[in-house]
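I opened a new structure today and kept short notes. Here is the entry.

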Amino acid sequence: MTPVQRRELAYHEKLYSGFAQSHFARPAVRALRGHMAIRILRLTGAGPHSRVLSLGCGIGDTELLLAAHVREVVGIDLSPAAIRQARADAEKLDVSNARFEEGTSADGRFDTIIAVFFLHHLPDDELDRLPARLHTMLRPGGVFYSLDPSCDRLSGAVGRRLIPKLMKRYQTEDERELAPEPTADRFRRAGFETRLSIYDFGSSPLAGLFPGWAAGYGMARRLDDALLKTSWCRRRGSNFEVVARRKL
Ligand SMILES: C[S@@+](CC[C@H](N)C(=O)[O-])C[C@H]1O[C@@H](n2cnc3c(N)ncnc32)[C@H](O)[C@@H]1O
C-alpha cells in the first residue's frame, strides 16, 4: 500500500464507522443519490445487459440504486468498513446482482466503469496512468463516467471563507479539487472519445449542508438546471463529469 492509500484508508475507516452511514441516509442526500444514478444511466447508456464496475464505491449507495437497472454491479474500495456496510445493505435490500470487494483494482471486462468522487483522491501519477488501465478493462464501445469537484467552483471558494473547519473535516489530507479540462485530456490522450460536463452549481453542496431537507434539494436542483444554461455558472460549477467512450 502507498503512503497516500494508507492515509486514505485511515480517514475512511473512521468516516465509515457511523457518520457516513447516518449522513448518507438523510433525505436530501438520498434525493441527490437518486438524481445521480439516473444521470449516470443516461450519460453512460448502461442498461439491463451492462456489467458495471465502480471504483472507490464507498458504502455503495449509488451502486445499489444502479443495480436495479443493470445486469451486474461490482464495487471496489480500499476501506473494509465501507465494503462491510455495502454488503450488509445489499443483503438488507435483497439486491443479488451487486458485489462489493476490498481493493484497488478488479479483474474482468466491463461495459461501464464509474468513479463517483474518486479521481480527486488519486495522486497525479496514478491519475495519469488510470485512463490507459481503464481502456483495457472496458469493452469496445464501453463508457467511463467520473464525477469530481472542480478547482474553479464558486461553492469551494465560498465554503473555504465561511466554513473552513467544516470543509477540512470532510476532506482527506491528500484529496484536492481537479481542473476539469486537464482531467478530460488525460482520457483523450488514452484514446477515448471524451466529453466534459458540469453536474451542478450549488445543489450537491447544499444537500451536504442541509441533509434533512429533501424539498430544499429538489428546489436547488431545479435552480441548478436553469443556472447551468449560462456559461458563467458552468465555469464556476461545483462538480464536473468526464464521460469517456472506448472507441469501437
Ligand atoms: C469521497 S469517497 C467516495 C465514495 C463513494 N463513491 C461515494 O460517492 O460516496 C472516496 C472513496 O475512495 C476510496 N479510495 C481512495 N483511494 C482508493 C484507491 N486507491 N482504490 C480504491 N478505493 C480508494 C475511499 O476509501 C473512499 O471510499
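**Entry 1: the model.** I am working from a predicted model.

**Entry 2: strand S7.** I looked up S7, residues 239-246. Is this strand enclosed or open? Seven of its eight residues are buried, so the rest of the structure largely encloses S7. I took buried as under 20% relative accessible area.

**Entry 3: partners of S7.** Next I checked the pairing. Strand S5, residues 138-149, pairs with S7 in the antiparallel sense. I noted seven bridges between S5 and S7. I looked up Phe 144, and its bridge partner in S7 is Ala 244. Strand S6, residues 192-200, also runs antiparallel to S7, joined to it by eight bridges. Here Ile 198 has Phe 240 of S7 as its bridge partner.

**Entry 4: helices H3 and H11.** I turned to helix packing. Two packed helices are described by the angle between their axes and the distance between those axes. H3 spans residues 27-44 and H11 spans residues 214-227. Their axes lie 7 Å apart, at an angle of about 40°. That angle makes H3 oblique to H11. The crossing of H3 past H11 is right-handed.

**Entry 5: the contact.** Which residues make the contact between these helices? From H3, I listed Pro 27, Ala 28, Ala 31, Leu 32 and His 35. From H11, I listed Ala 214, Tyr 217 and Arg 221. I then sorted the contact of H3 with H11 by class: six residues are nonpolar, one is polar and one is charged.

Definitions and conventions: Residues are numbered from 1 along each chain as its sequence is written. This is a predicted model: local features need pLDDT of at least 70, side-chain atom pairs count only at pLDDT 80 or more; totals for chains, interfaces and linings use all residues. Side-chain values use heavy atoms; hydrogens and water are left out. Buried means under 20% relative accessible area, exposed over 50%, partly exposed in between (1.4 Å probe, protein chains only). Helices (H or I, at least four residues) and strands (E, at least two) are DSSP runs, numbered from the N terminus. Two strands pair if DSSP finds at least two bridges between them. Axes are lines fitted to C-alpha atoms, for helices over the stretch in contact, and angles run from 0 to 180 degrees between N-to-C directions. Angles under 35 degrees count as roughly parallel, over 145 as roughly antiparallel, 65 to 115 as roughly perpendicular and the rest as oblique. A crossing is left-handed if the near helix is turned anticlockwise from the far one by less than a right angle, and right-handed if clockwise. Contact means heavy atoms within 4.5 Å. Ala, Val, Leu, Ile, Met, Phe, Trp, Tyr, Cys and Pro count as nonpolar, Asp, Glu, Lys and Arg as charged, and the others, Gly among them, as polar.
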